[in-house]
Amino acid sequence: MSGNQDTWPPQPADAPRVPSIPLSDANLGADGEPTIGNLVKDATASASTLFRAELALAKSELVTEAKKAGAGSGLIIGAAVLLLYASLFFFVFLGFLLDVWLPTWAAFGIVFLLLLTVSIAAIGVGYILFKKLKAPEKTIESLNSIAEVIPGRPASTGGVAHPQIPPARDPMAR
């Protein structure tokens with residue numbers, strides 16, 4: 001055998017085919033340029049990946065804010081339940097205790113005002129927790145930056161303009 005011939009033994013006809021790594025880029029056409037089909041496939045894959053990443057970012061931000069909203073709601077509901085059950089006996093006791101020194105109507109009026117003050121304080125704390133909720137700023141910023149680079153959209157004021165994509169080269173014009 002000469003040095004230029006393949007030295008491997010021939011494969012049997014029933015042998016399974018083993019995938020191999022191509023020696024050239026599979027995304028390039030015969031002229032070495034990417035084909036339109038491959039460009040569309042890559043653009044679709046990139047858009048899909050970008051969309052999934054945006055959804056993941058929005059989900060992560062909204063989950064954090066939902067936990068804060070849940071904590072605020074839990075505090076308000078917990079305060080209401082606490083006022084309903086635990087305060088019943090305490091405030092009746094307090095009313096009768098004040099009745100020793102004051103007329104009955106004044107004693108129970110003071111108890112009512114105390115109840116009202118505690119309820120308003122609990123609602124205020126819950127409201128403050130709700131005010132701390134924020135919009136998903138990173139997601140909004142990311143979506144605004146995507147809108148700036150979409151071809152065919154009018155240029156926005158501010159920000160960096162996306163460079164225009166050059167026209168495709170005609171493969172027949174050489």
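**View 1. Aromatic pair F90 and F91 in the predicted model.** F90 and F91 form an edge-to-face pair, at 5.1 Å centre to centre and 70° between the planes. F90 is partly exposed at 42% relative accessibility, while F91 is buried at 9% (buried, under 20% relative accessible area; exposed, over 50%; partly exposed, in between; 1.4 Å probe, protein chains only). This is a predicted model, in which local features need pLDDT of at least 70, side-chain atom pairs count only at pLDDT 80 or more, and totals for chains, interfaces and linings use all residues. Residues are numbered from 1 along each chain as its sequence is written, and side-chain values use heavy atoms, without hydrogens and water.

**View 2. Aromatic pair F96 and F108.** The ring centres lie 5.5 Å apart with the planes at 90°, so the pair is edge-to-face. F96 belongs to helix α1 (residues 36-99) and F108 to helix α2 (residues 104-131), so the pair ties together parts 12 residues apart in sequence. Helices are DSSP runs (H or I, at least four residues), numbered from the N terminus. F96 is exposed, at 52% relative accessible area, whereas F108 is partly exposed, at 30%.

**View 3. The largest nonpolar core.** Its 5 residues are F91, L94, L98, A107 and V111; such a core is a set of buried Ala, Val, Leu, Ile, Met, Phe, Trp, Tyr and Cys residues joined through side-chain atoms within 4.5 Å. Two or more residues come from each of α1 and α2, and α1 gives the most, with 3 residues.

Conventions
Rings of Phe, Tyr and Trp (its six-membered ring) pair if their centres lie within 6.5 Å; planes under 30 degrees apart count as stacked, over 60 as edge-to-face and the rest as tilted.
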